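Here is a short note for someone opening this entry. Please keep the structure in view while reading.

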Amino acid sequence: MDIDARGPRFGAALTTVVLAVALISRSPWILAWQTLAFALGAAGGVHRSPYGWVFRTLVRPRLGPPAEFEPPEPPRFAQAVGLVFAGLGLVGFALGPAWLGLAATGLALAAAFLNAAFGYCLGCEMFLFMRRLTARPE
């Protein structure tokens with residue numbers, strides 16, 4: 001079943017804020033929260049992430065009906081990519097080296113910002129690119 005395309009973008013906006021705070025503060029605790037949010041989104045889909053819940057219960061009822069839907073697989077893959085980068089950032093902030101935490105968190109932040117501000121999901125594009133690479137020609 002396709003999902004409301006506004007949901008992942010809303011989640012990306014919240015993710016942008018959380019990752020910016022984590023990057024500025026270098027807090028492994030804040031980054032751990034975002035890592036958990038990514039893990040839940042990767043495991044159960046974006047509708048099962050904490051930000052998906054906020055969108056579904058608090059935001060979407062106040063909006064009009066969605067004009068655009070998208071398949072859930074690309075955003076779910078994007079959550080898995082975010083999980084990898086947030087996990088690397090968490091290791092860097094908690095155990096070192098600090099540059100790893102800064103670089104990985106910064107890259108995750110850049111990707112989340114692109115989605116939130118411009119609707120361009122890097123992880124989704126990676127998913128579609130990989131699907132084209134592995135598709136069998138007819």
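1. How much space lies in the largest pocket? About 780 Å³. This is a predicted model, where local features need pLDDT of at least 70, side-chain atom pairs count only at pLDDT 80 or more, and totals for chains, interfaces and linings use all residues. Residues are numbered from 1 along each chain as its sequence is written, and side-chain values use heavy atoms, leaving out hydrogens and water.

2. A pocket here is an open set of points on a 1 Å grid over the protein atoms alone, where a 1.4 Å probe fits, with protein on both sides within 12 Å along at least five of seven lines. Lining residues have an atom within 4 Å of a point. A volume is the space filled by probe spheres set on the points, which are joined across faces, edges and corners.

3. The largest pocket has 38 lining residues, and P8, V46, P75, Q79 and N115 are the closest to its centre. The lining holds 23 nonpolar, 11 polar and 4 charged residues. Nonpolar means Ala, Val, Leu, Ile, Met, Phe, Trp, Tyr, Cys and Pro; charged means Asp, Glu, Lys and Arg; the others, Gly among them, are polar.

4. The second largest pocket holds about 320 Å³ of space. Its lining has 17 residues, with A5, E70, N115, G119 and C121 nearest the centre. By class, 10 are nonpolar, 2 polar and 5 charged.
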